[in-house]
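Work through the following exercises with the sequence and the model in view, and try each task before you read its solution.

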Amino acid sequence: MDAALLEQMLLGALLALSVYLPLRCGQLSLATPGFYAVGGYVAALLSTRVAAFAGSGATSPLWALVAEMVLGGILAGLIALAIGGPVLQLRGIYLAIATIALVEILRVLNLNLPFTGGAMGIFAIPQPFEQADGYVLFTLVLLALACWLCQRLEVLRLGRAMAAIRDDELAAASVGIDTPRTKLIAFVASAVLAGVTGALAAHFLNAWNARAGSFDASITTLAFVVFGGSRYWLGPVLGGLVLTALPELLRPVGDLRLILFGSVILLGPLFFPQGLVTAERLRGLGALLGRAPQAP
Amino acid sequence: MSVGGLQRVGTGLLTLTLLLAGCASDPGDQPVALAGGVPVGAVLALTGNANVYGQDQKVGLELALQQRNTSGGINGRPLTLALEDSGSDEPGANAAFTLQINRGVLALVGPTLSQQAFSADPIAQRRGVPVVAPSNTADGIPEIGFFISRVSASSAVIAPMAIAQALKMQPGLKRAAVFYAQDDAYSTAETTIFQASLKEKGLEPVTVQRTQLNDQDFQNQISAALREKPDLIVVSLQAVDGGNLIRQLRELGYRGLIVAGNGMNTPNIYPICQKYCDGLLIAQAYSPELDTPANAAFLKAFKAAKGGAIPPQLTAQAYTALQVIGEALVRLDKRQPLAGAPLAAARKQLMQEILAGTYATPLGEIRFTPEGEVIQSQFSVAQVRMDPGGRSGRFALLK
Amino acid sequence: MDLIQILVNGLSVGAVYGLFALGYTLVFSVLGVINFAHGAVFTLGAYFTYLLIGGAIGANGLMAGFQLPFALPFWGALPLAGLGAALVALLVERVAFRPLRRRRADPLLALITSLGAGVILVNLIQLLVGAESYAIPTSVLGGLPASFPLLGARVRTVQALLLGVAVLLLALLSLWLEGSRNGRGLQAVAEDPETAQLLGIDSTAMVRLAFGLSGFLAGVAGGLVGLSVSIAGPYFGIGYGLKGLAVLVLGGLGSVPGAVLGGLIVGLAEAFVPADWSGYKDAVSYGFLFLVLLLRPRGLLGRPLPTKV
């Protein structure tokens, strides 16, 4: 397995976590690719238009990458904050469709705005790392941080409030949980993570255009979460890694590649309706690792 | 599940990822692997919504491979081609490029779309692998670096020729309307050239209509354009959207001249605009009616493989790309045998050899600028002539 | 621009959206979930029509050169293509929907399984008949002119036909839903599957019926749209899947008349975008969708918000 594919997989895992966060409090938001695209444009524009961000050496400075990720995350988060209030009043499939509409609106804006490079997009994005290995290490740190935060949610009050809303929103509200605020926090966190990931991905992919955030990507990232399982953060991470790698690993079958890929997507949820990662399997794995299991 | 347990699983997963990451190796410092033949790779959009371009290009590569290997291969060794699908997106192109480079190919043909090229070509450039692009027409592709070249001319020369031809046929043209797909890199690049060329000839466009690559109904744009009473319509679209636009223009009563760019230089337009394709002027980077030995050989091979049909421009350009690499390999190997040469050095020498040569191809005679931009000697303008019944036709060369 | 021409243009695009959405909404009304394989079934309907009128497969794909030994007239081929598409839709229901229903799994999963079915169908089409375009020749309309004048505007004949068929199918479907036993059963299951079960309605049979009908409608729509704009390869119908979502919501998810109305509204909204702003055309329809969702989440003709996801 080469480092470039691994990096792609790690980016997939991060996007899956971004879809997972709202789903953790029962909100089916498919806006992740839209925020991902926004974050990518922030990085692409800063690093190609601002000399300090491009640096003068063979590689662009690491601080610039981190700054772009922060700014990309902030911009995505602000957009989410602005629209989150009204949008999150929608439920279920209505919320999903509204967020798909949002992704499309962002795509059309990205295509038409005077500074985003139109259909061609922005290219010759400078590289902060000489090789894919550098990206992998950096992204692993980011993913580990994201996973750690998700793990903290399991014990934090906020995380429990999110779980309560997922299980029963009315009941959660009746025991005093501020449901609109909790949902908004999850939505904004999801957007920030997607924006940060986009900023990193823009460098890794060398070029960025409006195709980065599309309807197809919305459904693909949802598949990551459904496939891996939406109960624990480990599920989306696994789903993102596996489903990103799968089309590449299926290359030996040639023309049948995407037919097999489609079959996996079709059969996965039929055989694993809870996703690959479930409470029982986690317990089994925990036992395997030599620790007495506890109920989640 | 306990916090500790989850963390343990997480740590395990991360360690596993790190281990996997460590397994990659760069074959650049090893000798060229010639055991199975001389390895060359191609990356095409065989799936996804650009699949029809990849399908046409694949045919060209297969024919060029066959041609090279029946005429001696690379000085007795067969040329081998590893073809990988990029899908129609950027991550797919990058993955396929990386895979091919790690396999130790000497050069790459691809990727299909300009947007993919901006993403994947820098990888080849950084790793020192020659790329001959068969279909990227956007500005700035050869400028990505020394290792990036293309055989697909941008429309800079052809577009003005087509406008000139239209004016030659109808000197009184006054009002030009322009159509292009704003989300397609080829289309946006070509329309800029068309519009500049129109202005130069004193035909400032009376209206510029934007469409989307996936649009199939153009009545809004057509009514807006026809209100300006144009007598010339200039289209930079691909086969499907362009074909539908032309059909609808004619059905809605437009009778004037229509000039189309490179994207419609393919018989794939026949089933779309059918009898309404007739009379369309096309700016061609490849003319099936070009009378040279190289094109005759290509046409013969194409007809043998695909029946009586006419090859699309994309097929001819893909054929040319592999032909260029093959001929450069033959020359390089004669001068400095590939056997035993370190891969990285061989790749660099091959790029120099590609840029140094002159090639008799189906596109006519071509060579390259030091940057890797193609210099093509023959361009042409053709007029589509449909058979009665509107199922098939030909691209009649206009002198 | 003339108001009439804008209306004609909007109805022309809208008729296609409405035709596509008819079958899309039928499945939603019964299952409360979007069938992402609908676009692929629509595409198949177009290919079936092409084959039935005697079309030959091109030089690529496993079926290269294949041609049926007979050729039907277009209006005979269309319902048969619809039946073929209905069979495929039933197959999709069998593999991607029924196992989930039986296990009472989260309906969300059907988004992914139907996506998988769609991916399989699209790539299977490419494997069999290649990626090239196919024409349903304009000559099947016989001596009809390509377009005709209407109150100073110009109308493409084939688009007028599409609109007519969309309205006709809508009328027939509505009559059937209201007037027949099965139609009322279908509606009962759509309202409340559990009560329907208590009333002795076989909900599994009704779901199958909905898929069969939806496939038939998709197939007929595919053939008709193929006649208007040719069959642009295996992704032909997929593009409508996204626009179809906007149409469904605007009309009211699960409302059959709403599907056609939603289609016409989206078409008209696009037609009213000034030509200079045509780059923003898609943003207009989704922006509109966004607003409608926020102001009237049940859509224009929809039922009150369902409590289920």
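**Exercise 1.** Determine which residues of helix 11 of chain C are buried, and find what they pack against.

*Solution.* Begin with the terms: helices (H or I, at least four residues) and strands (E, at least two) are DSSP runs, numbered from the N terminus. A residue is buried if 20 or more other C-beta atoms lie within 10 Å of its own, exposed if 12 or fewer, and partly exposed in between, with C-beta atoms placed from the backbone. By this criterion, the buried residues of the helix are Lys281(C), Asp282(C), Ala283(C), Ser285(C), Tyr286(C), Leu289(C), Phe290(C), Val292(C) and Leu293(C). Next, look for their partners: these buried residues pack against helix 9 (238–251) and helix 10 (256–271) of chain C, together with helix 5 (92–112) of chain A.

The model is predicted, so local features need pLDDT of at least 70 and side-chain atom pairs count only at pLDDT 80 or more, whereas totals for chains, interfaces and linings use all residues. Residues are numbered from 1 along each chain as its sequence is written, while chains are lettered from A and ligands numbered from 1 in the order in which they are written.

**Exercise 2.** Compare the reach of helix 11 of chain C with the span expected for it.

*Solution.* The expected span is 1.5 Å times one less than the number of residues. Helix 11 of chain C (residues 281–295) has 15 residues, and the distance from its first C-alpha to its last is 21 Å, close to the expected 21 Å.

**Exercise 3.** Describe the build of chain C as a whole.

*Solution.* Then consider the radius of gyration, taken over C-alpha atoms, and the globule rule, 2.2 Å times the number of residues to the power 0.38. The radius of chain C is 19 Å, close to the 19 Å that the rule gives for 309 residues, so the chain is as compact as a globular protein of that length. Finally, 59% of the 309 residues of chain C count as buried.

**Exercise 4.** Describe the side of chain C that touches chain B.

*Solution.* Two residues are in contact if their C-beta atoms, placed from the backbone, lie within 7 Å. On this basis, 34 residues of chain C are in contact with 32 residues of chain B. The elements of chain C that give two or more residues to this side are helix 1 (3–31), helix 4 (108–129), strand 2 (153–156) and helix 10, and the largest share, 5 residues, comes from helix 1.
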